[in-house]
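Here's a quick tour for anyone meeting this structure for the first time. Have a look at it, then read on.

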Amino acid sequence: MNIDEIFDNTSFTIDREPHIVVNYEICTGCDNRGCVNSCPARCYTWSDEDQKMTFVHDGCLECGTCYVVCHRDAFTRWRYPRGGFGVAYRMT
Amino acid sequence: MSKIYQAIVVGAGPAGSSAALVMARAGLDVALVERGVFPGEKNMFGGVLHRLPSLEELFPDFWDRAALGRHIVKKGVTFMTGDSSFTTTIESGNFDKTPFNGYSIFRPRFDNWLAQEAVKSGATLITRATVEDLVYKNGKLAGVSIVGRTGELLAPIVIAADGVLSFIAKKAGLRQPIFNPAQMAVGVKALIDMPREMIDDRFGLVREQGFANEFVGCTAGVRGGGFLYTNYDSLSVGLVFHLASLRVSGKTPYDLLNAFMEQPQLAKMISGGKLQEYSAHLIPEGGYDMIPELVGDGILVAGDAAALCNATGLNLEGINLASQSGVLAGKAVIEAHQNKDFSKQGLSLYKKLMEESYVLKDLKLYRKAPHMLHNDRIYNEYPELMCSFMEYIYRIDGAPKENLSKLFLKSAKEKVGLGNLLADGFSAWRAL
């Protein structure tokens, strides 16, 4: 199976305003960055070259994995999306 | 403009809707607040819905009315390696008789159905509402505010049934401010469409019968396991990982799920299916020691928010505990309204009822299970040992035979170490 296909099948109503805001400076100084591999939705990308974290909230499954694995409290904001936005499961 | 209720329930999952239902039936004016477009929209799980004694009491015909899937008549456990697997299954005539022992369900359907039952009993369901904060007036809890909405929902009592991360319990100071990844697991799941006849033929099922299987050894050394179960015309296939172990592994949940689905025996089970939906959710797996304060002034915590999940390695219980805790929380609120006392003391009936119920009794009994399951050998060496030993037993190729018990000890010594085997056996015996 093609991995990208996995993500394409889930439905979202994307809010322009992100429900999670990451302070990338903290990520740059982090010795762990467990969020990058642990996030089931591939929302976190670390660039070795630029020494920079990127977070995209669009495909977030709102599971909370990053909230729990981040031991540096790098979140300026971590809340669930505004009512009616975010992931929409149909049959799980 | 603010609206006044007699109780506010945050989260229309199994805990919240059960609580709202009980309170509404007793005539209380209840707001059931849900962040999804409909209840269940944000919810997923990887398992079987077991008996719900508390709801069966409320609806004598519960199992005829609820939105359910197949009833599980066959349960299996598979020890898996890269290309081998050793499975034991139990299929029982008793599992095929009502009341059934368990069902496969879709959360967006089941949770919505339960919430609508609360509405029929008089609860007010408010969807698309993410709770932002608790509201205090004159030093007392007075309600909640909603993200992006003006006005507040007011009530002298709030039930936090807002799920595993429970920001409500955090704001009320009832749960640990920082979670320990060793007490959490993440589950990922693929829903795979498959024609009903194909599922029936492939898994040996008739009528409404269903099959559920657990897997161990399928997580590339990360602590965790897999599951596969049948819905009417789809399969749910997924993995669960202990977060502390996943974090340090450097592996990703979706790559591991992909590898699981490509394991030769699993690939045969799902071949011909079509991927429909991918989902993920956290599971509070810390057991009894993870449970927060259940009661505060004007507030009760229920369901996943209270970490009510019993993971023994063989069964994974959560919805039943959630629903039971919701019903008991509802009962405590009814009493508090009778006595007009919403203090921690006035709501203490909840804690008492919880301690008397199977919820806290079972979690206390299996208190050591989470520690037992933090053992890497369970996820690597033991599945390999089982598969290689069984393969040896069945291999007949002219090589002279060895005494089986000697051989088992020999391979156990190689793969696990005899000291570890004894220690793990003792630990499992103590925990279960």
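## Chain B: the overall build

Let's start with chain B, which has 17 helices and 21 strands. Its radius of gyration is 23 Å, close to the 22 Å that the globule rule gives for 432 residues, so chain B is as compact as a globular protein of that length. Keep in mind that what you're looking at is a predicted model.

If you follow the C-alpha trace of chain B along its principal axes, it spans about 85 × 45 × 40 Å. Of the 432 residues in this chain, 53% are buried. Take the contacts in chain B with a separation of 6 or more: 73% of them join residues 24 or more positions apart.

## A four-stranded sheet in chain B

Now zoom in on one open sheet in chain B, where four strands line up in the order E1-E11-E10-E9. The pairing here is mixed. Which strands sit at the edges? They're strand E1 (3–4) and strand E9 (131–137) of chain B, and each of these pairs on one side only.

In chain B, strand E10 (residues 140–146) and strand E11 (residues 152–154) pair in the antiparallel sense, over three bridges.

## A lysine in a loop

Next stop: B:Lys97. You'll find this residue in chain B, in the loop between strand E6 (85–91) and strand E7 (102–103). Is B:Lys97 buried or exposed? It's exposed, because there are 11 other C-beta atoms within 10 Å, and a residue counts as exposed if that number is 12 or fewer.

How far is B:Lys97 from B:Leu365? Along the sequence, the two are 268 residues apart; in space, they're 29 Å apart, C-alpha to C-alpha.

## Chain A: the other chain here

On to chain A, whose secondary structure comes to four helices and six strands. Reading along the sequence, you get the pattern α-β-β-α-α-β-β-α-β-β. The radius of gyration of chain A is 14 Å, close to the 12 Å that the globule rule gives for 92 residues, so this chain, too, is as compact as a globular protein of its length.

The C-alpha trace of chain A spans about 40 × 35 × 20 Å along its principal axes. Buried residues make up 39% of its 92 residues. As for contacts in chain A with a separation of 6 or more, 71% are between residues 24 or more positions apart.

Conventions
Residues are numbered from 1 along each chain as its sequence is written. Chains are lettered from A and ligands numbered from 1 in the order in which they are written. This is a predicted model: local features need pLDDT of at least 70, side-chain atom pairs count only at pLDDT 80 or more; totals for chains, interfaces and linings use all residues. Helices (H or I, at least four residues) and strands (E, at least two) are DSSP runs, numbered from the N terminus. A residue is buried if 20 or more other C-beta atoms lie within 10 Å of its own, exposed if 12 or fewer, and partly exposed in between; C-beta atoms are placed from the backbone. The radius of gyration is taken over C-alpha atoms; the globule rule is 2.2 Å times the number of residues to the power 0.38. Two residues are in contact if their C-beta atoms, placed from the backbone, lie within 7 Å. Two strands pair if DSSP finds at least two bridges between them.
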